[in-house]
Amino acid sequence: LSVKRVETKPYEGQKPGTSGLRKAVKVFQQPNYTENFIQAILNSIHPLPGSVLVVGGDGRYFGKEAVDIIIKIAAANGVAKLIVGQNGILSTPAVSTLIRKYQVTGGIVLTASHNPGGPDNDFGIKFNSSNGGPASDSVTEKIYEITKTISFYNIVPDLNVDVSKLGETNVQIGGKPFTVQVIDSVADYLALMKEIFDFAKIKSLIQGSSSRPPFKLLINSMHGVTGPYVEHIFIKELGAAKDNTVNTVPLPDFGGHHPDPNLTYAADLVTAMKNGDYDFGAAFDGDGDRNMVLGKKAFFVTPSDSLAVLANNLNCIPYFKKTGVKGFARSMPTAAAVDRVAAAQKKEIFETPTGWKYFGNLMDAGRLSICGEESFGTGSDHIREKDGIWAVLAWLSVIAELGESVEQILLKHWKTFGRNYFTRYDYENCESAPCNEMMKKLEEKVTSPSFVGQSLSSQGKTFVVKKGDNFEYVDPVDKSVAKNQGIRVLFEDGSRLIYRLSGTGSSGATVRLYAESYEPASGSITVEASVALQPLVQVALDLSELQKFTKRDKPTVIT
Ligand code: VG1
Ligand code: CO
């Protein structure tokens, strides 16, 4: 087996976004496009010879081809070993688990997460570092710089490894050994979950007892990567019935759907919950890091509340009894419900930019136990990615301990801490230029000295501006600075508006508008979020002239 050096030319725009490089499959299929990016990732690793990488993804279209390219290029560049999920399948949380457990150099995750898959949809490649988390801004910046000047890549064209079979392939490349180890996609992740949670307790909740009926689950994998994990964990280990899980076969195009667990794209789960007598519903995204949690009759738990409830009940989970509860964190647009839990428990609370990579440093420094994002991401320092199945197991642990329904738990939480109403409007796939223009104008407006103190009114409600800025984050651990992380308008009554452009789309611009208001425990805490937030959202639309710039009279998705 010999190494071939292939001349290549740089492609424009190989800049990783919020969570890796995401583009249409057709873009990745261009000659040398994927090869260039893989070589650039490898060139960013020091020292590369002797390194070990985990490789796997969500099973979407082009994943198998990408695994093959990675094997051939890694072999040619002196990588010592690749640990590959069987058939190239690994959830994002499983990749993080493996990197940490086997203490390897890093990992390459093949996913575009919640974006649709298939030949006409999206693919993605993400590099994770040795802590198991998404590479930091400085690393992704370095990779991007390399892609701009790349002139060749190394490849072993004749190395063919069958990743459908478990076991090791050992070869010699230029006199040095190279190993591909194909592993079971679920085993190590399952072992970790068993260390964290009390499986026997969750099992007895699910199966019921002489004094309590079985707790009925409906878990929807949306034809993403979680299918095999869900079947193994919930059916085999926890004794759920076969029909408690649906869409568990990973499909390259996710059955033609958007594998995104929210009220719009997981509408079939919502309908089934409304019409059925399930106690608990959940859905996950394509790569298994996101989760949506529903109670009986589709009672919706907004992710910001989910984080706060779990934070307030960590004593129900054996892992946290052992590690103790360090601090809490949320991304900036996430509603501040968890901040109130932190204050009550006198723990540190961090507000980071959007994207999971910013939590890793805090966890590595021992200052963060559990964190989340409004975008259906919840996780803890057991790994360095958000973790959908973990979140469901955490919820089931809390329910098993408290013996209350999801709705009861939320009501009690609001009665204790008050309620942070939250909504997000997404305007997907808009024209880029006018959206950039809108953001520019908005920033000028909210940062002008006369903005503070202004009264903005709609539908009989008035909000007085306390502060406006473009969010900037200084990492408390390494002091690195992340700028331009979203335009914020903070009001005197604690309400907030945030405007961001998405960093995960593959074409055009997606505008995200986030609105939050706080209602104290004594106030009206059981109103529909959409009703409670109507005036604030109207203020947001007026202030930004969003409808004019996006040419949309309503959002694509509301969460
Ligand atoms: C979105 C979410 C963000 C999340 C990111 C990756 O980013 O808003 O909270 O971390 O997706 O999630 P953006 O830049 O489009 O707003 V996933 O499940 O793609 O790894
Ligand atoms: Co995801």
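**Figure 1. Helix α4 against the sheet strands.** In this predicted model, helix α4 (residues 92-101) lies across β3, β4 (81-89), β5 and β6 (122-128), and runs at about 165 degrees to β5. Helices (H or I, at least four residues) and strands (E, at least two) are DSSP runs, numbered from the N terminus. Axes are lines fitted to C-alpha atoms, for helices over the stretch in contact, with angles that run from 0 to 180 degrees between N-to-C directions, and two residues are in contact if their C-beta atoms, placed from the backbone, lie within 7 Å. Residues are numbered from 1 along each chain as its sequence is written, while chains are lettered from A and ligands numbered from 1 in the order in which they are written. Because this is a predicted model, local features need pLDDT of at least 70 and side-chain atom pairs count only at pLDDT 80 or more, whereas totals for chains, interfaces and linings use all residues.

**Figure 2. The mixed sheet.** Seven strands form an open sheet in the order β2-β6-β5-β3-β4-β9-β8, with mixed pairing; two strands pair if DSSP finds at least two bridges between them. At the edges are β2 (21-24) and β8 (167-173), each of which pairs on one side only, and the twist averages 15 degrees from one strand to the next. Within this sheet, strand β3 (residues 52-57) and strand β5 (residues 106-110) pair in the parallel sense over five bridges, and Val 54 has Gly 107 in β5 as its bridge partner.

**Figure 3. Helix α2 and its two helix contacts.** The axes of helix α2 (residues 33-43) and helix α3 (residues 63-76) come within 10 Å and cross at roughly 50 degrees, which makes α2 oblique to α3, given that angles under 35 degrees count as roughly parallel, over 145 as roughly antiparallel, 65 to 115 as roughly perpendicular and the rest as oblique. Residues in this contact include Ile 38 and Leu 42 in α2, and Ile 69 and Ile 73 in α3. The contact of α2 with α3 divides into seven nonpolar, two polar and one charged residue; here Ala, Val, Leu, Ile, Met, Phe, Trp, Tyr, Cys and Pro count as nonpolar, Asp, Glu, Lys and Arg as charged, and the others, Gly among them, as polar. The axes of α2 and helix α5 (residues 137-149) come within 9 Å and cross at roughly 125 degrees, so α2 is oblique to α5 as well. That contact is made by Asn 36, Phe 37, Ala 40, Ile 41 and Asn 43 of α2 and by Ile 143, Ile 146 and Thr 147 of α5.

Figure 4. Seven strands form an open sheet in the order β20-β21-β24-β25-β26-β19-β27, and the pairing is antiparallel. The edges are held by β20 (455-458) and β27 (557-558), each with a single partner strand, so one side of each is left without a neighbour in the sheet. Strand β25 (residues 496-501) is joined to the antiparallel strand β26 (residues 509-519) by six bridges, and Leu 501 stands opposite Val 511 in β26. In strand β19 (residues 419-430) lies Asn 429, which has a positive phi of about 55 degrees although it is not a glycine.

Figure 5. Of the 18 residues around ligand 1, Thr 18, Ser 113, Ser 502, Gly 503 and Thr 504 come nearest, where a residue is near a molecule or strand if its C-beta atom, placed from the backbone, lies within 6 Å of it. The shell divides into one nonpolar, twelve polar and five charged residues.
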